[in-house]
Amino acid sequence: MLRIQNKITQKEAIQWTGKNEKELYNFLGKMLTIYGGRVQIETLEGTMEANKGDWIIKGLKGEFYPCKPNIFEQSYDVLCEEKGCNEPAQKFSIEEGTEEYLCFKHATESGFCWGCGSFCGGMESFDFAEAHGNVRGYCEHCSDEIKMDCGEYDDEEVQ
Ligand SMILES: [Zn+2]
Ligand SMILES: [Zn+2]
């Protein structure tokens, strides 16, 4: 279960990955009907199907409805999963099945590069970025790209 937010309200949602039956079952609070990889959702407008990758959102009245991933991305920010943190987050994972949503601060603390998402925890150039001339929160590679972008920007400013 993830917390999501649009401009008006905070709701709860879960993404149907085709594999997270148990998580979805706990979220919906009832047995799932899965057919050909699609899961049936009882909505206020009747039964709807969610395809793999679709999000299932819990509305303010406790109702559920599916949402296509592209619409979801346009409409919502997923919030950081760290307790008490309400910052918009990105998805990170060390390996498949360990995905978590973290804000910049908590991603950095957990050792993830905000740019490419790779896990850099324990690497001196990441943990002590400033001391190595790198941008904090980014791996060496992404840090270099940022510095390059900034350099180009500076050149344009001069002209
Ligand atoms: Zn956070
Ligand atoms: Zn990176």
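Before we start, a word on terms: two strands count as a pair if DSSP finds at least two bridges between them, and strands are DSSP runs of at least two residues, numbered from the N terminus. Keep in mind that this is a predicted model.

**Stop 1: β3 and β4.** Select residues 34-35, which make up strand β3, and then residues 38-43, which are strand β4. The two run antiparallel, joined by 2 bridges. Zoom in on Y35 and you'll find R38 of β4 standing opposite. Now click on the turn: this hairpin has 2 residues between its strands, and G36 takes a positive phi near 60° there.

**Stop 2: on to β5.** Pick T43 and look across to G46 in β5, which stands opposite.

**Stop 3: the open sheet.** Next, show β7, β6, β2, β1 and β8, in that order: these 5 strands form an open sheet with antiparallel pairing. Which strands stand at the edges? Colour 64-67 (β7) and 77-78 (β8): each has a single partner strand, so one side of each is left without a neighbour in the sheet.

**Stop 4: the β6 and β7 pair.** Finish by selecting residues 55-58, strand β6, together with β7. Their antiparallel pairing spans 4 bridges.

Conventions: Residues numbered from 1 in each chain as written. Chains lettered and ligands numbered in written order. Predicted model: local features only at pLDDT ≥ 70, side-chain atom pairs only at ≥ 80, totals over all residues.
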